[in-house]
Amino acid sequence: MTDPQLPPPSSNGHVPPVPMAPGQHPPITPSYSAPGYQTPAAPDGQLPPAPAYQAPPGAYPAPVGGYGAPAGGYQPSDAPQAPKSSALGIVAFALSVVAAVVASIIGGAAGYQIGFTLPTVMQEMNESTSDLSFLAPVRDQVLMGEVSFWLGTLAGIASIVLGIIAIVKRAGRAWGITALILGVIGPVIFFTVLGVALGVGAGAGSATFYGA
């Protein structure tokens, strides 16, 4: 006999599933696939391929090509820097040449003429006077010597200042170093040339005035 509540057995020996009681829900089978993803069927005897990773809905997508540099950030320049002009150093060198060479030549020429005329002036000098009026015959040469001295002084100071600036800014550094050296030793060169010229002029003047 069979239970009146159970369904009768089938003719092929298969027992049909037991019907669910009223109010009972079917069991939930866990699913590990992402939303909208269907696991493809695998051949017999092989494992199904792993599901591809998909970002969850609402996630922040990464930009294509990676993250760019922030706006206004430092960007190295590929273009080589243009070399600085050497004009400042050349100007300083030119002024140092005026201070050390040109002024010394003019002062030496004036000193030679003063020395050459000095024996004659000494004969006409009044011993009772202590002023410099005895230099009146050579006043033009004295004036030329004074002008050359002040010209060399101004040019030397300017060459020293511009030479230092050229060295610091690397605008003709070699020219600036040379200008600085000539500007410093310019007064020494000037007075050395002037003293030698006075002595040579005085010797030549004495030989002419007193006779060899």
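Trainee: Is L118 buried, partly exposed or exposed in this model, and which relative accessible area goes with that?

Mentor: Bear in mind that this is a predicted model, and that L118 lies in helix 1, which spans residues 87-124. Buried means under 20% relative accessible area and exposed means over 50%, with partly exposed in between. L118 therefore counts as partly exposed, because its relative accessible area is 30%.

Trainee: How far apart are the C-alpha atoms of L118 and S206?

Mentor: Along the chain, L118 and S206 are 88 residues apart.

Trainee: Where does I181 lie, and which residues make the nonpolar surface patch?

Mentor: I181 lies in helix 3, which covers residues 173-210. Its relative accessible area is 49%, so I181 is partly exposed, and a residue of a patch needs over 30%. The nonpolar patch, of about 420 Å², is made by I177, I181, V184, I185 and V188.

Trainee: Which elements give two or more residues to the lining of the largest pocket?

Mentor: The largest pocket has a volume of about 150 Å³, and the residues that line it include G107, Q141 and F190. The elements that give two or more residues to this lining are helix 1, helix 2 (139-169) and helix 3.

Trainee: How many nonpolar, polar and charged residues does that lining have?

Mentor: Among the lining residues are I114, G145 and E146, and for this count Ile is nonpolar, Gly is polar and Glu is charged. By class, the lining of the largest pocket has 6 nonpolar, 4 polar and 1 charged residues.

Terms used:
Residues numbered from 1 in each chain as written. Predicted model: local features only at pLDDT ≥ 70, side-chain atom pairs only at ≥ 80, totals over all residues. Heavy atoms only, no water. Patch = residues over 30% accessible without salt bridge, like charges linked within 9 Å, V, L, I, M, F, W, Y side chains within 5 Å. Areas by Shrake-Rupley, 256 points an atom, 1.4 Å probe, with all protein chains shown as cover. Salt bridge = Lys/Arg side-chain N within 4 Å of Asp/Glu carboxyl O. Helix = DSSP H or I, 4+ residues; strand = E, 2+ residues; numbered from the N terminus. Buried < 20%, exposed > 50% of the residue type's maximum accessible area, 1.4 Å probe, protein only. 1 Å grid on protein atoms, 1.4 Å probe; cavity = no way out; pocket = protein on both sides within 12 Å on 5 of 7 lines; lining within 4 Å. Points joined across faces, edges and corners; volume = space filled by probe spheres on them.
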